[in-house]
Amino acid sequence: MQRIPFSNTLTIGFMLFALFFGAGNLVFPAMMGQNAGDQYWQANLGFLITGVGLPLLGTLALGFSGSKNLLALINRVHPWFAFGFTTLLYLTIGPLFAMPRTGSVSYEIAVKPYIEAEHGPLAMAVFTVLFFGVTLLLSINPAKTVNIIGKILTPILIACISLLAITSFVAPLGEPQKPESGYASQAFFKGFQEGYLTMDALAALVFGIIVINAIQAKGVYERKSILKVCFQASLIAAAMLAVIYTSLTYIGASSVSTFGILANGGEVLNLVTSQYFGTFGGFVLGIIVLLACLTTSIGLTTACSSYFQKIIPGISYRSFCVVLSVISALLANIGLEQLIHFSVPVLTILYPLAIVLILLTFFHDLFKGKRTVYGVSLLLTFLVSLVDGLKDTPLNIELLHDWFTQYLPLYSFGLGWLIPACVGLLIGLLLPERQKGHQSSRLLED
C-alpha cells in the first residue's frame, strides 16, 4: 500500500476544512443555539450528523466508487438523472444560494455593524460588487491564491474561534433559556434539518474529486491507498468542524439571556465578540470571516465554472466566472434571511436524494450496481422529499402532505423519506435489471 507523510495528509485535511468552512458554517450553529435554548445539545447532535457526518461520507463516496467525477458516479442511476441532478446541485451550491450567501454573510459580519441603517442597501450593493469582483479576479487563476489564503486563514480562524469558545465557556453570557417553538419536543430532528443549510453534503460530492486530485498529486494512485488518505484527511476536517459547531451552538444558546433572539447568526457572533473583546474584536472577526467566505466563494466559482464549461464547451471558463460572479452579486443583495428562506425548500428536496445516493454508493458492490435499486429508491425518496420541501410554499401538495403526515412514519420529523428509500431498495433488488439500451455520453465518462 502506498503511503504519504502524515504532514501531507494533515495539509489535505486543512484544505478540505477551508473549502467547507465558509458562510453558513458560522451563522447557522449560532442561530440554532439561540432557538434551541437548553435543548442545544440535542439540536447540536442532529446538526453534526448532517453538517459533519454526511460531508465526511460524501467526500469518501467518490474515492470509494473510483469514479472520475460526480457525473460518472451519478450515471450509475441514469445519464439523464446524472445530468439533471448534477446541474441542479451545482446551481444550488453555486450562483443560486451558496455563492450569494458568502457575500451576504461577509457583509453581515464584516461591514453591517459599522454602517448606519439608512445607508445599508447602498453599502451592501457596493460591498457585494467589490466582494464578487475580487472573487472573479482570483477565480481566473485560483490554485495558488486559494492555497495561500487557506494555509494562512485556517490556523488563524481556528485560533480566533477557539479563543471565543473558551471565553464563552469560562465566562458565559448567561444560562440557556427555554427553547423556541419546534425545539422543545423535536430538538434533535430540528438540528438534523438545520444541518442541510450548510450545504456541505452537497458540496462534498464536488470537493471529493479535489481531495482525490490532491492525494494523487502526492504520488498516491492505488485505490485503497487513496481511500485511506481520503478518510484520514476527511476525519481531520470533520473533527475540526464538529468542535467548532458545538462551540458556536453553545455560544448561541448562552447569548439569549443577554441579547434576546436575534435575526441571524451573523448578528449573534458580532454582538458576542464585541461583548467579550470590544470593537477591535468584532473588527478582527469580520476580517477573518471575510477571508473565509472569500476562499469558499473562489472555490465554488472555480468548481461551478469548470462544470458548466464542460457541459457547454462553446463558452469559455472565464466567461462562466464572469456570469456566475454577476448573478451571485445580484442575489446577495436579497439579504441573508431571504436567501435562507428561499433555499430551505430546495435543500429539503435535494438533501435526501444526496443522502440516499451517498449511502447506496457504499453498498454498490453488494447489490451488484443494479440500476433498478438506484432508480426505485431515489424515485420514492424524491416523491416524499418533494412534498416535504413544498409544504410551506405556494406549490404545497396539500393532499399528499396531509396523507404523509398522518400515515408515513417519521414524516413530521423531516425523515419521511427514510422508509420509502429502504422499500425502494428492496423493490429494486426484486425487479429484473433493465437492458442498458442507452449509451452514456462522453461527458459522463470523461
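Leaving aside neighbours within four places in sequence, Ser-343 is in contact with Phe-97, Leu-197 and Met-199, where contact means heavy atoms within 4.5 Å. The model is predicted, so local features need pLDDT of at least 70 and side-chain atom pairs count only at pLDDT 80 or more, while totals for chains, interfaces and linings use all residues. Residues are numbered from 1 along each chain as its sequence is written, and side-chain values use heavy atoms, with hydrogens and water left out.

Ser-343 belongs to helix 14, which covers residues 336-362; helices (H or I, at least four residues) and strands (E, at least two) are DSSP runs numbered from the N terminus. Ser-343 counts as buried because its relative accessibility is 2%; buried means under 20% relative accessible area, exposed over 50%, and partly exposed in between, with a 1.4 Å probe and protein chains only. The side chain of Ser-343 also reaches the backbone oxygen of Ile-340, at 2.9 Å. This is a polar contact (a pair of N or O atoms within 3.5 Å; within protein, one must be able to donate a hydrogen and the other to accept it, and residues adjacent in sequence count only if both atoms are side-chain atoms).

With 0% relative accessibility, Ser-106 is classed as buried. Its side chain reaches the backbone oxygen of Thr-102 at 2.7 Å. Not counting residues up to four places away in sequence, Ser-106 touches Val-111, Phe-127, Phe-131, Val-289, Leu-290 and Cys-293. By contrast, 26 Å separates the C-alpha atoms of Ser-106 and Tyr-307, which are 201 residues apart along the chain.

At the level of the whole chain, there are 18 helices and zero strands. The radius of gyration is 22 Å, close to the 22 Å that the globule rule gives for 446 residues, so the chain is as compact as a globular protein of that length; the radius is taken over C-alpha atoms, and the rule is 2.2 Å times the number of residues to the power 0.38. Along its principal axes, the C-alpha trace spans about 65 × 55 × 45 Å. Buried residues make up 54% of the 446 residues. Of the contacts with a separation of 6 or more, 82% are between residues 24 or more positions apart.
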